[in-house]
Amino acid sequence: MTIYPACLRYMSCTYVSRCFSLMSFAGPRQLLGAQGNSSHQYGEDIRQLGETILQCMLASQKAELDNETMHLCTWSQDVDVKDMIAKKKSVQRLRHIFQRLGASLPEQDIPNHVFIRVSSILLLDVLNSVMHSILQLHDISEELSENIPHILEDLVPSSDSNGLLDCIVIGRLGKETSDSHAAMAQELMEAVPEWLKLTKLCDMMKVPSREIAQWWEDGTLAAAGFTREELRRLICALFEDTPHRAASLSKI
């Protein structure tokens with residue numbers, strides 16, 4: 001069997017090359033069928049095989065992330081020190097998993113668009129799970145509203161860190177900071193706009209209801225992806241039933 005490198009490059013299949021290198025000589029032939037197909041067909045077959053391998057990897061990685069996210073997303077109104085430490089450890093394990101993901105998809109083997117796609121799918125799943133767990137709460141105590149941003153601070157981007165994004169980029173490119181690190185972090189940020197939503201969700205834990213209403217009126221929260229229903233539910237969970245809360249709800 002002959003596979004032309006130019007065909008592989010054209011079909012963006014370099015992400016299966018390492019899998020093939022670990023197979024016996026007969027492995028690729030058994031997977032792709034008998035000889036005689038055109039080089040284009042071989043390229044298409046390998047692309048489909050690569051997609052299957054990619055989906056298997058995503059399923060395995062997602063199961064590991066779901067396990068950690070489940071522990072993180074179980075909120076109690078009275079967060080004791082033991083629970084706080086456990087949740088912070090879950091955040092650190094999530095960071096480790098994503099850094100390992102970046103290292104398992106090295107720049108020299110995996111095309112950038114495949115790396116962004118894989119990372120975005122997994123990041124989106126984690127972020128949506130975290131946000132859903134908070135937004136579905138019927139009551140958020142003052143203590144919990146103070147603790148949630150503290151627990152999630154190593155996940156969300158800030159003025160001096162890209163949070164979880166830094167772990168992925170460091171895993172893929174190494175620890176040395178450079179323009180390529182910043183560019184890749186920005187590309188991941190744009191591919192997963194839910195980062196902004198999670199950041200704003202943490203911000204809303206720290207401000208009065210009138211400020212949340214103001215952010216809705218000026219379009220900040222709508223741009224971040226919040227719906228009117230999500231905000232009204234969040235305000236009712238965060239604040240007691242007072243004229244101030246009623247005034248804020250009337251503006252949303």
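**View 1. Helix α14 gives the most to the lining of the second largest pocket, with 4 residues.** The model is predicted; local features need pLDDT of at least 70 and side-chain atom pairs pLDDT 80 or more, while totals for chains, interfaces and linings use all residues. Residues are numbered from 1 along each chain as its sequence is written, and side-chain values use heavy atoms, without hydrogens and water. Helices are DSSP runs (H or I, at least four residues) numbered from the N terminus. The pocket holds about 170 Å³ of space, taken as the space filled by probe spheres set on the grid points. A pocket is an open set of points on a 1 Å grid where a 1.4 Å probe fits, with protein on both sides within 12 Å along at least five of seven lines; lining residues have an atom within 4 Å of a point. Here the lining is Pro208, Ser209, Arg210, Phe239, Glu240, Thr242, His244, Arg245, Ala247 and Ser248. By class, 3 are nonpolar, 4 polar and 3 charged (Ala, Val, Leu, Ile, Met, Phe, Trp, Tyr, Cys and Pro count as nonpolar, Asp, Glu, Lys and Arg as charged, the others as polar).

**View 2. Helix α6 (residues 112–135) packs with α10 at an angle of about 30°, the axes being 10 Å apart.** This makes α6 roughly parallel to α10 (under 35 degrees). Axes are lines fitted to C-alpha atoms over the stretch in contact, with angles from 0 to 180 degrees between N-to-C directions. The two helices cross in a left-handed way (near helix turned anticlockwise from the far one by less than a right angle; clockwise is right-handed). From α6, Leu123, Leu124, Leu127, Asn128, Val130, Met131, Ile134 and Leu135 make the contact with Glu194, Trp195, Lys197, Leu198 and Leu201 of α10 (heavy atoms within 4.5 Å). These residues comprise 10 nonpolar, 1 polar and 2 charged.

**View 3. Helix α10 (residues 194–204) and helix α13 (residues 228–238) have axes that come within 12 Å and cross at roughly 30°.** That angle makes α10 roughly parallel to α13. The crossing is right-handed. Lys197, Leu201 and Met204 of α10 meet Glu230, Leu231, Leu234 and Leu238 of α13. Of the contact residues, 5 are nonpolar, none polar and 2 charged.

**View 4. The axes of helix α5 (residues 81–104) and helix α7 (residues 142–152) come within 9 Å, crossing at roughly 35°.** Helix α5 passes α7 in a right-handed crossing. On the α5 side, Met84, Lys87, Lys88 and Val91 meet Asn147, His150 and Ile151 of α7. The contact has 3 nonpolar, 2 polar and 2 charged residues.

Note on methods: Angles under 35 degrees count as roughly parallel, over 145 as roughly antiparallel, 65 to 115 as roughly perpendicular and the rest as oblique.
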